[in-house]
Protein chains: 2
Amino acid sequence: MSVLSSELVLSQRSLWAEGQPISDLMSRALTNPDLISLAAGFVDPTSLPVEVTRDVLHDLLASDSEARRILQYGTTAGDPLLREYLLEELVERDLDGQRGDLSAEQVVLTAGSNQLLHLICETLLNPGDIVLCASPTYFVFTGMLTNIGARSIGVAVDDDGIIPESLEEHFEHLRRVGELDRIAAIYVVPYFDNPRGVTMSLERRARVVEIANRWSSRRKIHVISDDAYRELRYAGEDIPSMKAVDETGDTVIVTGTFSKSYAPGVRVGWGVLPRGLVEPICNQKGNVDFGSPHLNQHLMRRVLEMGVYRAHIEQVRASYRRKLEAMLAAADEFLSPLAGVDWRRPNGGLYVWAELPESIDTGPAGRLFDVAIQRGMFYVPGQYAFPAEGEPVRRNTMRLSFGVQTPDNIREGIRLLAEAIRDVM
Amino acid sequence: MSVLSSELVLSQRSLWAEGQPISDLMSRALTNPDLISLAAGFVDPTSLPVEVTRDVLHDLLASDSEARRILQYGTTAGDPLLREYLLEELVERDLDGQRGDLSAEQVVLTAGSNQLLHLICETLLNPGDIVLCASPTYFVFTGMLTNIGARSIGVAVDDDGIIPESLEEHFEHLRRVGELDRIAAIYVVPYFDNPRGVTMSLERRARVVEIANRWSSRRKIHVISDDAYRELRYAGEDIPSMKAVDETGDTVIVTGTFSKSYAPGVRVGWGVLPRGLVEPICNQKGNVDFGSPHLNQHLMRRVLEMGVYRAHIEQVRASYRRKLEAMLAAADEFLSPLAGVDWRRPNGGLYVWAELPESIDTGPAGRLFDVAIQRGMFYVPGQYAFPAEGEPVRRNTMRLSFGVQTPDNIREGIRLLAEAIRDVM
């Protein structure tokens with residue numbers, strides 16, 4: 001026995017989590033602070049609720065007894081009043097005011113909705129289990145699946161999100177190869193999805209839920225609906241969440257967050273869970289942190305109570321709308337002359353999804369990423385957003401974020417991107 | 001295929017987490033709000049930093065640009081300045097001001113130190129792996145091990161914490177049965193431990209680290225030092241942390257928290273990690289929440305910068321000191337007449353550990369818990385704090401918390417407890 005020969009042994013999970021290639025790529029870009037980043041999904045700094053937060057915190061801490069309560073531990077599921085408000089809002093918007101047997105006990109508060117997505121995966125998935133996702137989809141979610149040893153399988157998409165026929169085919173195929181019982185969930189981002197900016201129609205939402213129910217054979221298949229971008233709509237009318245088409249009430253898990261619509265520095269997310277998942281998910285959360293910060297939950301509760309949330313969202317929308325318009329105008333100006341370059345025009349969210357000629361690899365194996373950095377901008381290569389299995393990875397794609405930069409910088413970033421594309425064409 | 005026949009399948013983890021018996025017991029007690037709880041490890045509400053938090057948040061959000069920065073996402077490891085301050089303090093207190101090759105990059109900020117303990121376990125342990133703990137120890141930690149399928153083995157303790165000879169015996173035994181390579185860590189609470197209130201001497205700390213290093217054969221064995229109660233000292237001098245005796249610099253993981261010394265509602269914890277664990281632990285955290293709330297980190301940073309933290313700790317100590325004295329005086333008055341009832345006199349922390357005659361089972365299988373509730377008080381049965389394996393469970397023990405109740409209520413709670421004990425004797 002010798003100290004020198006002992007080895008740092010990491011868990012299987014740690015090995016699964018190792019070396020997320022996008023981090024390396026991004027850190028390459030971040031060494032130069034003068035670059036225009038159209039990569040990170042950060043939010044617009046100028047429309048962050050500075051005054052609102054000041055006022056609400058002042059108000060919240062004005063009473064000694066209230067302040068003491070807020071500075072104490074809360075419960076694992078979170079502040080009951082905030083949970084009740086969140087449920088009321090969902091019932092109002094999605095269920096025509098009919099609460100049915102939904103209760104605020106089915107609402108849990110977490111550190112951003114990301115922690116809830118993680119807890120859901122911990123609760124539903126064993127290593128080797130499968131989640132069907134759009135191809136492409138939110139890469140942090142598929143990275144999380146990899147981290148716990150689960151599999152993501154990509155389903156084909158159109159302008160309306162996941163294509164039901166493709167979803168059926170994947171189910172059919174997995175049944176044939178004896179893996180139907182490994183499928184635990186379908187994951188969707190139905191509002192202005194990350195990375196494509198596509199919103200699912202209510203009809204499409206209903207079909208996905210119907211398919212999940214129909215294929216629930218021995219094992220219940222859930223639909224995890226990540227509604228992170230719901231409030232970031234810049235055109236058109238809101239669509240009811242998938243909870244509206246969850247007729248049995250135990251198929252859909254809706255997750256939401258104040259990170260995009262209010263402030264990520266507060267990190268309050270939530271979810272509405274089928275009744276049977278409340279206790280298992282709270283058990284997992286109890287083992288991690290016995291509840292997210294009480295202070296932050298009460299801050300958001302008071303923001304809702306004081307009626308300043310909706311007004312703030314309108315400000316946020318106005319700011320992002322200008323930025324989206326700046327990006328689309330710049331794309332029209334600089335990218336449209338380039339043959340084979342195309343992009344989507346989303347009604348909300350934080351991203352524009354672009355497709356380049358098949359011959360251009362936007363990732364580390366191609367020239368474009370480095371050339372773009374030399375020109376002075378960078379983006380997220382689309383390939384990172386494709387699940388490991390299922391529909392093929394499309395390496396000629398990219399995600400362009402318009403959240404952080406000013407309209408002028410967005411225009412300049414797209415101009416530089418056009419130059420870089422021309423360089424490698 | 002039928003919707004009706006499908007079954008909610010939970011992960012192996014969920015099954016492992018199920019049915020923590022202490023929750024059931026506590027919820028039985030909590031149905032009556034008039035009971036005097038000497039159970040929960042909550043903190044003293046009267047000494048929570050209401051004015052300090054008001055002032056610091058006001059100051060923190062006064063500048064628009066600063067406020068915007070705070071409301072944005074931070075990094076996964078947390079605010080660099082707060083990490084630097086925490087490291088400086090550790091270097092000052094534990095390393096005679098000699099930083100050596102320690103850097104602030106080795107400090108990570110988490111949602112309380114509990115989240116960090118969880119991330120450490122995720123990073124170091126596979127199902128079936130072993131952590132050696134004091135018997136008894138912090139039951140939330142052993143519950144977390146159970147949740148991820150790992151094993152806790154209890155080591156015998158004395159007035160100075162884990163007994164080195166018992167630790168050696170357990171290593172020896174595990175080597176003999178071929179399980180040495182399953183041992184990943186020794187977990188200790190060296191300051192006023194939960195549940196016994198015992199503090200390890202510096203010499204004992206050094207011996208535990210030496211034993212961990214000596215038994216690190218093929219696999220590196222870490223010492224996880226949970227310093228949650230360090231600031232809650234009411235008598236005697238502070239002792240350097242285990243980092244002071246970590247000569248190789250890669251054996252000890254120190255975790256700390258502002259939950260006890262400042263406010264649990266803020267939920268900021270931290271750790272100082274061996275260099276090789278920084279990236280794996282941040283990878284795990286990145287998969288969960290990409291960093292704890294920025295707002296809360298900056299609140300604590302500013303609390304340290306404004307020099308109000310130490311003054312606040314003195315207030316906290318004064319308040320708890322009175323409560324501890326109330327509990328010990330009540331024990332002298334009401335418990336000392338009872339034959340075979342004994343208790344420890346801690347110098348800090350939140351708990352008094354009591355031992356009853358062998359014949360009295362303090363848990364759900366005995367009569368005392370229900371009789372105490374009928375009398376009007378409740379406590380934590382000590383048996384929940386004993387690891388699943390190793391030293392035998394002692395069912396005639398209890399943990400009495402003095403954190404939440406007033407001195408008068410503490411006295412009354414102990415009086416009622418004495419009555420209950422007399423009832424069952």
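Okay, let's start with a contact you can pick out on screen: Arg205(B) lies over the face of Tyr191(B), 4.2 Å from the ring centre. The rule here is that NZ of Lys or CZ of Arg must be within 6 Å of the ring centre and within 35 degrees of the ring normal. Over in chain A, the charged end of Arg205(A) sits over the ring of Tyr191(A), also with 4.2 Å to the centre.

Quick housekeeping. This is a predicted model, where local features need pLDDT of at least 70 and side-chain atom pairs count only at pLDDT 80 or more, while totals for chains, interfaces and linings use all residues. Residues are numbered from 1 along each chain as its sequence is written, chains are lettered from A and ligands numbered from 1 in the order in which they are written, and side-chain values use heavy atoms, with hydrogens and water left out.

So how do the copies relate?

Helix α9 of chain B covers residues 202-215; helices here are DSSP runs of H or I, at least four residues, strands are runs of E, at least two, and both are numbered from the N terminus. Its 14 residues should span 20 Å at 1.5 Å a residue, and the end C-alpha atoms are 20 Å apart, so that agrees. The expected span is 1.5 Å times one less than the number of residues. Helix α9 of chain A, residues 202-215, also should span 20 Å and has its end C-alpha atoms 20 Å apart.

Which residues of α9(B) are buried? They are Arg204(B), Arg205(B), Val208(B), Val209(B), Ile211(B), Ala212(B), Asn213(B) and Trp215(B). Buried means under 20% relative accessible area, exposed means over 50%, and partly exposed is in between, with a 1.4 Å probe and protein chains only. The cover over those residues includes β5 (157-158), β6 (161-162), α8 (164-176) and β7 (183-188) of chain B, along with β8 and β9. In chain A, the buried residues of α9(A) include Arg204(A), Arg205(A) and Trp215(A), and the buried set packs against elements including α8 (164-176), β8 (222-226) and β9 (252-257).

Now the core. The largest nonpolar core has 293 residues, and those with the most contacts inside it are Phe141(A), Leu400(A), Phe141(B) and Leu400(B). A core like this is a set of buried Ala, Val, Leu, Ile, Met, Phe, Trp, Tyr and Cys residues joined through side-chain atoms within 4.5 Å. Not counting residues up to four places away in sequence, Phe141(A) touches Leu117(A), Cys121(A), Val131(A), Cys133(A), Tyr187(A) and Ile224(A).

Leu400(A) turns up again as a contact of Met327(A), together with residues including Leu38(A), Val352(A) and Ile414(A). Met327(A) is in helix α12 (residues 309-335) of chain A, and is buried with a relative accessible area of 1%.

What about across the chains? Gln284(B), in helix α10 (residues 275-288) of chain B, is buried at 2%. Leaving aside neighbours within four places in sequence, Gln284(B) is in contact with Arg13(A), Ser14(A), Ala17(A) and Asn147(A), as well as Leu119(B), Glu122(B) and Thr123(B). There's an aromatic cluster with members from both chains as well: Phe42(A), Tyr73(B) and Phe290(B).

Last topic, ring pairs. How many aromatic pairs are there over all chains? The count is 22, where rings of Phe, Tyr and Trp (its six-membered ring) pair if their centres lie within 6.5 Å, and planes under 30 degrees apart count as stacked, over 60 as edge-to-face and the rest as tilted. Trp353(A) and Phe386(A) have centres 6.3 Å apart and planes at 50 degrees, so that pair is tilted. Trp353(A) lies in strand β12 and Phe386(A) in the loop between β14 and β15 of chain A, so the pair ties together parts 33 residues apart in sequence. Trp353(A) is buried at 1%, and Phe386(A) is buried at 7%.

Definitions and conventions:
Contact = heavy atoms within 4.5 Å.
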